[in-house]
Amino acid sequence: MKRRNDYKVAMAESVELEPLGGMDKLSETDSKKRNGINKFGGDSSSRPVRDGVAVCSQKRALFVTAIVLGTLLATALVIAYAGPQTVCPCAGKIPPGYVPDGYNSSEPFQPIATNGQPFPWLLPTLPNNVKPNRYILTIHPNLTTLDVKGQVSIELYVEKETNFVVLHAQDLNITEKALVGPKGFALKILRMLEYTPRQQLYIETREKLRKKANYTLSIRWHSKMILDQFEGDFDMKKTLAATVLKPGSTRKAFPCFDEPHLRAAFKISLFRDRFHIGLSNSIVQDTDDVGFYMGTGLLRDDFAETPPLPPDSVSWVISDFKRELLEPSAKYQKVNASSNGAPGTGTGKPSAGTAGASMGNGKSITSKVAKTDKKPFRHLTAVLLSKNLFKLTNNPPTKEPSQIESNVTINAGESATIVKSNGTVLQEQDTVWTGDTAMIRTAPAYSFYAPETHIAKGSFILHTSRDILEYLQQWLSVAYPLSKLDFVALPSLLDDLSSSLGLIVCRTSFLNEPTAISSKEYHMSVVKISEGIVKQYFGGLISPKAWKHKWLWEGLIRYLSRFLLATIQPLWPMKELFLIDTLTKALDIDALQGWESISVGASDSGNNDPFYVDKSAALMSMLQSAIGERNFRQCLGKFLKTYQFQTAEPSDLWAICAKQVNNSKYVKEMMNQWTNTAAFPLLNVTMNGTSLIVRQTGFRPAEYLAIYDEPTEEIELEGEAARTTTTTAAPVDPTGKSGPDAGSRWIFPIHYITDVLNTNETSIENKEQQSLIIWLNSSEVIITLNHTAQWIKLNHGQTGYYRVLYDEANWAKLVEQMQINNAVFSTQDRVGLVSDIFTLCHANLIPCHAAMELISYFPKEKEWGPIVLGTSHLEKWRKILKYSECYLVLAEYVRQNLEKSIQVLGWEDTGEDETKLLRPVLMLSAALWEEAETIKFAKGLVTNFTTHSIPIPPNLRSVAYIGSVLSGEFQYWQFCWDRYMAVRREKSSVLEERMELLRALGVTKDAWLQNRLLSHVITLPVFEIVQVLDAIAGTPTGGAMACRFLQAKWFDFQSKLGRGTVQFARVISAITQYGSTKFDYDELKSLVERFGDGPGLKLLNMTLSTVAANVEWVSRSQASIYSWIESKYHF
């Protein structure tokens, strides 16, 4: 009891106030009387003594007061209106949009704390006077009462002398606090203030905190958990406790310095009952029975100290989940240490010999340890300080790798070959990099925790993560720093995966049997796991110095996750997936005017728009192509080793890359310019004999003239001039924002091939010598070829973030080559050609006949990438041209080409992975274009399922549902509706199938059924609402109906989704994005005005630009499409 009392004394913050003085100086007479009033009560016995004071009547006093006030009022009016006047009547008025320097309209000038006092710290960021070195954190989540009690002791290092500390806390009830100096004496805390709008906590001390000294700040608090339950055995509801932290959300879990540059080590202890397990970033080092002090059956898990982590990387979970364990591969040693390890040093570096210790004596997370012979701990501080915890990390290499070790490559003579099912030959060094396995000999153990009903699904995650992580650490030559990597399945999670160092949580709905999902969904599941593994390095080992720079980390994760899988799984189309889902997607979005540069548009809070993540990943691909794959790999390894367990900035990586190539290339200048410049370049290529002229200019679509009732003469003249030149003038942006800077000049490398010098047909021995590359650092460059070429293809490998506009003769030769022998081009080059042709055609920069000619090559294409990109563009054409005069002939032309492609592949769901990916893409496109054989096949799949219980293959589910509904027979639409309701009720339903059913229900041509579906839309989740409305709006009968429904239910949507929100904007965009007439444009414009201000306004402005481009393209192209098909084919 004495220790607790002493502790309370140390925690006391009451200050004895001195008595107010001044009354003792009054005379006795004055203290008793004031104007005839007795101080101690009662009236005076005589009249007030005047003592020389003049008095007047009440009327006279009122009269004098009125005169004085009137005089003051008259003087004020004269000053206000009789001053000197200027010529300009608007002088003195504040211009619209003017904001005074230092003024912040979002909050008052003087912030007020919760107790009504002024809050002294005025900035939104924390002061730099102190920084945390280590957190000693104890958490006790009560899963019965949902209460959380905790204590944190933060070891601080004082950078500048100060008498206050500012940190973060949100929705925490702080009960006790103490600040202890270097010699163990408690400092007097004068006051503690809390400012809730910024979640800041201000603690002021009487004494100053000395510079370069260490202090310990201890805080106790309690809070409430957010309820998260899951179905247990016998349908019992069970509760678990888990943290899934985002940037800026750690302050909700415990008081901390919640800014990204303030990394610190963490020593965590969790209280739990005997039937639960505790998990955190590191392993459990000790488990004590504290039931005698804390409650019956209560245990405390003490976790090993972590390396320095950013605040949002801290994680812990308490549950009764089951465990599945996977050991590292046989060629690796287990990373562990004995239980009698040395104490932690607190520096974030492991003790010597830790990595090589045996696992036999280590403490397991699930091991039961009951130590009743220890002395009782009376409070949490004593519990924490009594533990001699040590850090368990991977032992880094004792020496830096030599130049020979770090540059190991495979000899050409030793390379093996891999032959794909379609005949494509892959060289081994194109697929798998072996690295130097002698450098890294250790790897972590992998565990999966989930409810017993899901534990069997963990094998897929464990084996996939092991393959990726063990390859990644060899590829980077950087060992994984921890002894374990845990996966935990949570029932309620916004994202499929959330990764922090040593602990990755996933959503239970993410756990699906590979046989229950399509091949594409299976590949995407592996991609998400790969992203979680890459984030262990880029986010765990090294993190951004500011959330503003998070775009670089997200871009690296997105690019490397796919790049690694392209080498681990060479038969999977991972490179094409990156091009389609990331690079070309970013180019298409970036073409819409209004997007800012990455450095400007990136969010200060780290919550970036997906566009900036995609563009960042595309720039990483371009950086790798500029310096080479080996240099890029070594640069990333040096980046991790230099800033291990620290923070960094994008400029740090650019500097390492520039140094790697001895500043012989424009690497640093290139990356600084691309990240600080909006838009992207369009290369105009003209070939004249052996001379090649390449000009760069900002990409701009053609003028939007069709959206105006009566275009002005100036616009008409500009439009006429644009049609006579290779490129066009700046677009008329309906959002009112300016286009890209015409003076922008980008620096980047250009890889190119010709029909004579083609690296795709070059033997592996000469491949390096035949690589053709130039650096473009001016607006125009002339390339002299040493041969006469029939055609030239720029952006070889499709690694550059730009588009290429060739002259008409070169376009014709490229399309002809694709029709004759498309294998001359790599799969990535074919994806690039398809993307460039369709995009430039839609921008009215090339005639439509180039795209129409390209469609005829599709039956010869055997790869997934070019087909899926081409059919997606055709699907866009189908929705935009649904009311045009050329739709019927175009549909017949597309159907004939798709039918040929399907006949080559066959109808059954068999073959290699890429064939199983390609077949449903072709068949689904054929079904949407209403090809008769595909519709018949889809009806057969559904009939066999309903009649003979023959399951529909997951790869063909979308084809079966959509194709049968498009047959027009009511029974198939009703089947899809019943199936959707049944799947929605299932707890383990596959989300992919729900979305397929909703799309099928929406594509029906029956207006009555569409109206019936719309009546249920408002009750669906947001992502399902968007899917349904997108499908309905793409049909000839549903576009106008969906728009009327939106206007009728406007306030219902606004109430459900919020005024001005991104979710509401997505709903409006889904309905209106396929508009192709001036009426559609005007209607959307009125909806944008009605929408008002809000975060979703930017998305609607982009949709407005998209519709303007649709209107312009249809007005220019529908006649030429009709004429071209009529001249080539006679339907």
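Let's start at lysine 149, which sits in strand β4, residues 147–158. Lysine 149 is exposed because its relative accessibility is 54%; exposed means over 50% relative accessible area, buried means under 20%, and partly exposed is in between, with a 1.4 Å probe and protein chains only. Leaving aside residues up to four places away in sequence, lysine 149 touches Thr138, Ile139, His140, Trp221 and His222, where contact means heavy atoms within 4.5 Å. Phenylalanine 254 is 105 residues apart from lysine 149 in sequence, and their C-alpha atoms are 9.8 Å apart.

A quick word on what you have on screen. This is a predicted model, in which local features need pLDDT of at least 70 and side-chain atom pairs count only at pLDDT 80 or more, while totals for chains, interfaces and linings use all residues. Residues are numbered from 1 along each chain as its sequence is written, and side-chain values use heavy atoms, with hydrogens and water left out.

Now the overall picture. The protein has 33 helices and 35 strands, and 54% of its 1131 residues count as buried. If you take contacts between residues at least 6 apart in sequence, 75% of them join residues at least 24 apart.

For another strand residue, go to serine 447 in β23, residues 445–450. Serine 447 counts as buried, because its relative accessibility is 2%. Its contacts, not counting residues up to four places away in sequence, are Arg323, Glu324, Leu325, Leu462, Leu485, Asp486 and Phe487. Leucine 326 is 121 residues from serine 447 along the chain, with 6.2 Å between their C-alpha atoms.

Alanine 679 is in the loop between α15, residues 667–676, and β29. Its phi is near 65 degrees, a positive value in a residue other than glycine, and alanine 679 is buried, with a relative accessible area of 8%. Asparagine 795, in the loop between β34 and β35, has a positive phi near 60 degrees, and it is not a glycine either. Asparagine 795 is buried too, at 2% relative accessibility.

On to helix α17, residues 808–820. Which residues of α17 are buried? They are Asn810, Trp811, Leu814, Val815, Gln817 and Met818.

The crossing is left-handed, meaning that the near helix is turned anticlockwise from the far one by less than a right angle. At the meeting place, Leu898, Ser901, Ile902 and Leu905 of α21 meet residues of α22 including Leu918, Leu922 and Met923.

Helix α32, residues 1078–1091, has 14 residues and reaches 20 Å from first C-alpha to last, close to the 20 Å expected. Its buried residues are Tyr1081, Glu1083, Leu1084, Leu1087, Val1088 and Phe1091. They cover an arc of only 165 degrees around the axis, which puts them on the same side of α32. Phe1079 and Glu1089 are exposed on the face turned away. Covering the buried side are, among others, α29, α30, α31 and α33. After α32 comes glycine 1092, with a positive phi near 80 degrees.

Last, the cysteines. How many disulfides does a search of the whole structure find? It finds 0, a disulfide being a pair of cysteine sulfur atoms within 2.5 Å. For cysteine 841, the nearest cysteine sulfur belongs to cysteine 848, 3.3 Å away. Cysteine 841 is buried at 0% relative accessibility, and cysteine 1043 is buried at 7%.

Terms used: Helices (H or I, at least four residues) and strands (E, at least two) are DSSP runs, numbered from the N terminus. The expected span of a helix is 1.5 Å times one less than its number of residues. The arc is that of the directions from the helix axis to the C-beta atoms.
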